[in-house]
Amino acid sequence: MNENKIGIQKVDLHHMYITDEQILQYKEDGFLIIENFLTENERRSALDGFYKHFAPPYHRYIEANRKNETANEVLFPWDHSGLNHVTTHPDLIDAAERVLETREIRLGEGHLGIKYAGEEHWTNFHIDYGNNTLGPIIQPDDFKHLACFYCFEDVTLELAPIRMVRNGSPDNEFVPMVVPGGSVCLYSIFTRHAASPFLSDEGHRPTMWVGFNRKDRPWDGARTFTYKSGARGEAMKRFIVEATPRQRELLGFPPPGDSLWTKQFTDGMVIRYPGFDPTPYDKKRID
């Protein structure tokens, strides 16, 4: 469990709080770009996990004849503290609560992606409702879904920035997400967007997608992050042990004070996940 334990213990005491005014701007435009959302420590830690567990940087990819020689682990959770932390970032959770207008939310998505220069990439404008909900296209948007994506390294116009389209604007008036590494974009699954082609002959764009859903909308496409969905034992153990009670709620566990948290249940959690701290639940659990 010590390997790759980067990011949680050393996270900077800095928060990029997303304001209510920014949430209103998100609802007006359909997206919101927050530059430098992550601290430099958070960004570097996430990128460390990205390269170790999912895909290599461009120069290593080329040296391997354009082969991904990592484990190519796409989905949350990862056996890496930095990746798990940014997926369930406290300030992202806080923003999701206000967008979805409830504290009762679930983690709906957590996956990685990378684009390399010199390869063909799909660049058509589209919306994401098709693979995020079984419900209809809502007009106007009811803002009951929240999708986000991180850019972990600097993105220039040459490095295939994602193009975001404001609500009511034509596609050719897109806003390219040209941002410093560590930035995040919040967007609706009904917001039009597209990748763009690489203008550079070399380089890459590493990205993470995170999504949140309301618990009372089971037809929306939240993943179930269990072993049946591909979660690995060591990765899940790392997340459960290191997560806060609020972060565990995103996977379905109730908050401290719920009747679930009996001594028998917390003792069982300690046995299954060595290192699990029952203290936050002890004070309110049912003995």
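Two strands count as paired if DSSP finds at least two bridges between them. With that in hand, welcome to this predicted model. Strand 2 and strand 8 (residues 204-214) pair in the antiparallel sense over 11 bridges, and strand 8 also gives the largest share of the lining of the largest pocket, 7 residues.

- Five strands make up an open sheet, and their order across it is 1-6-3-8-2.
- The pairing in this sheet is antiparallel.
- At the edges you will find strand 1 (31-34) and strand 2 (105-116), each of which pairs on one side only.
- From one strand to the next, the twist averages 15 degrees.
- For a landmark on the pairing of strand 2 with strand 8, look at R106, which stands opposite N213 in strand 8.
- Helix 2 (residues 40-53) packs on the sheet, where it touches strand 2 and strand 8.
- The direction of helix 2 makes about 105 degrees with that of strand 8.

**The largest pocket**

- The largest pocket holds about 540 Å³ of space.
- Its lining is made of 31 residues, and H111, D128, Y187, H193 and W209 lie nearest the centre.
- Strand 2, strand 3 (145-151), strand 7 (193-194) and strand 8 are the elements that give two or more residues to this lining.
- Strand 8 is the one to follow here, as its 7 residues are the largest share of the lining.

**The nonpolar cores**

- The largest nonpolar core has 59 residues, and those touching the most other members are F50, L146, Y150, F152, L186, M208 and F212.
- Helix 5 (residues 90-100) gives the most to this core, with 6 residues.
- Another core, of 14 residues, lies apart from the largest one; F31, M164, C185 and Y187 are among its members.

In soluble globular proteins, nonpolar side chains tend to be buried together.

**An exposed isoleucine**

- I271 sits in helix 8 (residues 263-272).
- I271 counts as exposed because its relative accessibility is 69%, and the cut-off for exposed is over 50%.
- Between I271 and E63 there are 44 Å in space, C-alpha to C-alpha, and the two are 208 residues apart in sequence.

Note on methods:
Residues numbered from 1 in each chain as written. Predicted model: local features only at pLDDT ≥ 70, side-chain atom pairs only at ≥ 80, totals over all residues. Heavy atoms only, no water. Core = buried A, V, L, I, M, F, W, Y, C linked by side-chain atoms within 4.5 Å. Buried < 20%, exposed > 50% of the residue type's maximum accessible area, 1.4 Å probe, protein only. Helix = DSSP H or I, 4+ residues; strand = E, 2+ residues; numbered from the N terminus. Axes fitted to C-alpha atoms, helices over the stretch in contact; angles between N-to-C directions. Contact = heavy atoms within 4.5 Å. 1 Å grid on protein atoms, 1.4 Å probe; cavity = no way out; pocket = protein on both sides within 12 Å on 5 of 7 lines; lining within 4 Å. Points joined across faces, edges and corners; volume = space filled by probe spheres on them.
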